[in-house]
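Please read it alongside the sequence and the coordinates displayed here.

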Amino acid sequence: MEKVALVTGADRGLGRGLAQELLVRGWTVFAGRHIDWPELDDLAHRFPKNLHIVPLDVSSDSSVIKASTAVAAETSHIDLLISNAAINRSAHLDNVREELVFDDMLREFSVNALGSLRVMRAFLPLLDRSELKRLCFVSSEAGSVGASKRTGWFGYCMSKAALNMAVKNLYNDLAPQGYSFRLYHPGWMRTYMQGKKNLLAHMEPEEAATIALSYFLDPVNPTELTLHDFEGNDLPW
């Protein structure tokens with residue numbers, strides 16, 4: 001049986017890097033795209049049979065349902081879900097005395113936390129038909145309450161902490177049903193999360209994707225859910 005993955009936020013950055021690495025390894029990939037970005041089209045030209053681009057706005061109930069219906073028409077199952085789509089509109093806010101834009105925070109929650117739950121729930125029937133049943137969620141050290149040293153970034157940090165809580169609840173529910181989980185901090189990458197490419201970061205997305213995928217596809221399942229990072233450490237909740 002073919003190995004099938006769904007990657008959200010695959011337009012560019014880490015999501016595109018993960019899709020590329022899976023394709024190189026022979027997977028069939030459904031790549032969620034919300035932004036019309038040429039990098040994913042270039043990948044489609046290289047892997048015309050194995051890459052399926054799916055319009056997907058994880059903040060929209062109707063978009064997620066439409067995407068799940070479209071994917072179900074093409075495949076009988078999904079083995080690997082990588083919930084990667086995220087935004088950061090808080091990075092320029094260093095403290096509570098600055099002007100906080102609560103609409104931006106709500107948007108971060110809808111994409112970063114609720115988006116993962118929307119997608120997982122909509123695609124659950126396809127995941128149920130898989131033998132692997134692997135759920136991977138790209139989180140951040142910014143969502144670690146115990147490790148936090150920031151004085152700002154309210155919407156992003158709070159939304160990632162909410163994602164971590166959602167994944168813990170999902171783990172409690174679905175792990176006894178044969179699902180395996182990866183909750184992961186990929187490191188500081190040269191991505192477009194804040195609207196333009198961050199050239200100050202440590203890693204290119206393709207490098208980060210290779211490291212991430214080695215963890216996502218590791219056959220050994222930990223006995224408990226942890227927030228794992230790219231250096232092999234488990235971060236505090």
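Helices (H or I, at least four residues) and strands (E, at least two) are taken as DSSP runs and numbered from the N terminus. On that basis, the secondary structure of the chain comprises seven helices and eight strands. The structure is a predicted model, in which local features need pLDDT of at least 70 and side-chain atom pairs count only at pLDDT 80 or more, while totals for chains, interfaces and linings use all residues. Residues are numbered from 1 along each chain as its sequence is written, and side-chain values use heavy atoms, with hydrogens and water left out.

**Overall dimensions and burial**

- The radius of gyration, taken over C-alpha atoms, is compared with a globule rule of 2.2 Å times the number of residues to the power 0.38.
- For 237 residues a compact globule would have a radius of gyration near 18 Å, and the value of 17 Å for the chain agrees with this.
- The C-alpha trace spans about 55 × 40 × 35 Å along its principal axes.
- Buried means under 20% relative accessible area and exposed means over 50%, with partly exposed in between (1.4 Å probe, protein chains only).
- Of the 237 residues in the chain, 53% count as buried.
- A contact means heavy atoms within 4.5 Å. Among contacts with a separation of 6 or more, residues 24 or more positions apart account for 68%.

**Helix packing: conventions**

- Two packed helices are described by the angle between their axes and the distance between the axes.
- Axes are lines fitted to C-alpha atoms, for helices over the stretch in contact, and angles run from 0 to 180 degrees between N-to-C directions.
- Angles under 35 degrees count as roughly parallel, over 145 as roughly antiparallel, 65 to 115 as roughly perpendicular, and the rest as oblique.
- A crossing is left-handed if the near helix is turned anticlockwise from the far one by less than a right angle, and right-handed if clockwise.
- In the residue classes, Ala, Val, Leu, Ile, Met, Phe, Trp, Tyr, Cys and Pro count as nonpolar, Asp, Glu, Lys and Arg as charged, and the others, Gly among them, as polar.

**Helix α1 and its partners**

- The axes of helix α1 (residues 13-24) and helix α7 (residues 205-216) come within 8 Å and cross at roughly 60°, which makes α1 oblique to α7.
- The crossing of α1 past α7 is right-handed. On the α1 side the contact involves G13, L14, R16, G17, L18, Q20, E21 and L22, and on the α7 side P205, E206, A208, A209, T210, A212, L213 and F216.
- This contact of α1 with α7 has nine nonpolar, four polar and three charged residues.
- With helix α2 (residues 38-46), the axis of α1 comes within 11 Å at a crossing angle of roughly 5°; α1 and α2 are therefore roughly parallel.
- G13, R16, A19, Q20 and L23 of α1 meet E39, L40, L43 and R46 of α2. The residues of this contact divide into four nonpolar, two polar and three charged.

**Helices α4 and α6**

- Helix α4 (residues 102-122) and helix α6 (residues 154-174) have axes that come within 8 Å and cross at roughly 20°, so that α4 is roughly parallel to α6.
- α4 passes α6 in a right-handed crossing. The α4 residues in contact include M105, F109 and M120, and those of α6 include F154, M158 and L174.
- By class, the contact of α4 with α6 has 12 nonpolar, four polar and one charged residues.

**Individual residues**

- V58 lies in the loop between β3 (51-55) and α3 (61-72) and is buried, at a relative accessible area of 7%. Leaving aside residues up to four places away in sequence, V58 touches T8, V64, A85, S110, V111, G115, R118 and V119.
- N164, in helix α6, is buried with a relative accessible area of 3%. Beyond residues up to four places away in sequence, N164 touches S139, G143, S144, L183, L227 and W237.
- K133, in the loop between α5 (124-128) and β5 (134-138), has a positive phi of about 55° although it is not a glycine. K133 counts as buried at 14% relative accessibility.
- W153, in the loop between β5 and α6, also has a positive phi of about 55° without being a glycine.
- K66 of helix α3 counts as exposed at 67% relative accessibility.
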